[in-house]
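Reader: I would like to learn how to read a ligand site in a model. Please take me through it step by step.

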Amino acid sequence: MIINNSTILLTGASGGIGQAIAKALAKRGASLILVGRSKESLQTLLRVLPNPERHDIVVADITSLEGLTIVKESARQHQNVSALINSAGSNDFSLLSHKRPTQIADEIQLNLVAPILLCQSALTWLKQPGVILNIGSTFGSIGYPGYTSYCAAKAGLHRFTESLDRELFATGIRALYLAPRATETSLNSDAVNEMNRQLGNKTDSPQVVADHVVIMLEKEISTKWIGWPEKLFARINQLLPKVVSSAIRKQQETIHQYINRVSH
Ligand SMILES: NC(=O)c1ccc[n+]([C@@H]2O[C@H](COP(=O)([O-])OP(=O)(O)OC[C@H]3O[C@@H](n4cnc5c(N)ncnc54)[C@H](OP(=O)(O)O)[C@@H]3O)[C@@H](O)[C@H]2O)c1
C-alpha cells in the first residue's frame, strides 16, 4: 500500500509500540484514527504527531461490543480507511495455576477475540485495496512458561491472520501478521525486564517495531518475526519442538524465580 495520504485505523495507539507506529505513519503522510481507552493519553499523542489536525481519536474499550460499535461507526464516517492495525494487547506473566479465570478470559478477549471482531468489522468499511496488520508476538510461535494464555491468544491470532489472508485472496484486501520479540514498553514489568536481562534475551525499542510495520505495509509482506535468534527459534519450534523445550528447560529456574516474584 502507499502510506502517504492514506487513512489508517490503529488500536493500542497510546501504547509504547502504538505511539511509535503512529509517529512513523504520520511522518509518512498518513491520516490516523487513534483508538484507545484513555482520552488523555490519545490527546497527548495527538499533540506530538505531525499535522495533528489530520488525525482523530476514538475512545473505546475494544473488549466490549459497545467499544467495537464505536470503532465501526468512526471508521464508516471516514469512508476512506485503507488499513487497520491491531496493536492493542496486554499480558500477565504468571503461572496458570495463579491466574484468576477472569484474567485468562480478559487476555484472550483483548489479544484474540477483539482483533478477530475488528477484522470482521473492517471487511465492511475497509477500502479496496486495503490492508489489515495484526501485531502478534514471538510467543505466538513459541510456548513459554508464564505466558500460557498469551501464547494461546497470539498463536490463535497468527493462524487467524493466515486463514483470513487466504480467504481474502483476490479481493484486494490483505491480512498480515507481525511478531515482535520483547520490546521496551510498559507492557513488561520490572521483573520481566530483569528476567530478560538475566537470560540474555534481547529487547527492541518500539521504533524497531514501527520500522517493520512501515516495511510490511508498503511491501504487503504476509508474516514477519523480528530479531535473531527469535525468528530462527520460531521455525525450529515448528519442526523440532524438543530442541526448544530443552533450551527453555535450562532457563526454568530463572523463569520461575521471576514468575514467583510477580505472582505472589
Ligand atoms: N512490549 C513487548 O514486549 C511486546 C512484544 C511482542 C508483542 N507485543 C505486542 O505489541 C502490541 C502492543 O504492545 P505494547 O508493548 O505497545 O503494549 P502497551 O504499551 O501496554 O500498550 C497497550 C495498548 O493497548 C491498549 N489497550 C489495552 N486494553 C485495551 C482495551 N480493552 N481496549 C482498547 N485498547 C486497549 C492500551 O491503551 P489504553 O490502556 O489507553 O486503553 C495501549 O494503547 C500488543 O499486541 C502486544 O501483545 C508487545
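Author: Start with the polar contact, a pair of N or O atoms within 3.5 Å; within protein, one must be able to donate a hydrogen and the other to accept it, and residues adjacent in sequence count only if both atoms are side-chain atoms. This is a predicted model, in which local features need pLDDT of at least 70, side-chain atom pairs count only at pLDDT 80 or more, and totals for chains, interfaces and linings use all residues. Residues are numbered from 1 along each chain as its sequence is written, and side-chain values use heavy atoms, with hydrogens and water left out.

Reader: Which atom of Ser14 lies 2.8 Å from an oxygen atom of the ligand?

Author: A polar side-chain atom of Ser14. For Ile17 a polar backbone atom is 2.9 Å from a ligand oxygen. Asp61 has a side-chain N or O atom 2.8 Å from a nitrogen atom of the ligand.

Reader: How much of the ligand does the protein bury?

Author: Accessible areas come from the Shrake-Rupley method with a 1.4 Å probe. The ligand alone exposes 880 Å², and the protein buries 90% of that.

Reader: Is Asn91 buried or exposed?

Author: Buried means under 20% relative accessible area, exposed over 50%, partly exposed in between, with a 1.4 Å probe and protein chains only. Asn91 is buried because its relative accessible area is 17%.

Reader: Which residues does Asn91 touch?

Author: Contact means heavy atoms within 4.5 Å. Leaving out residues up to four places away in sequence, Asn91 touches Glu107, Tyr147, Tyr150 and Leu187.
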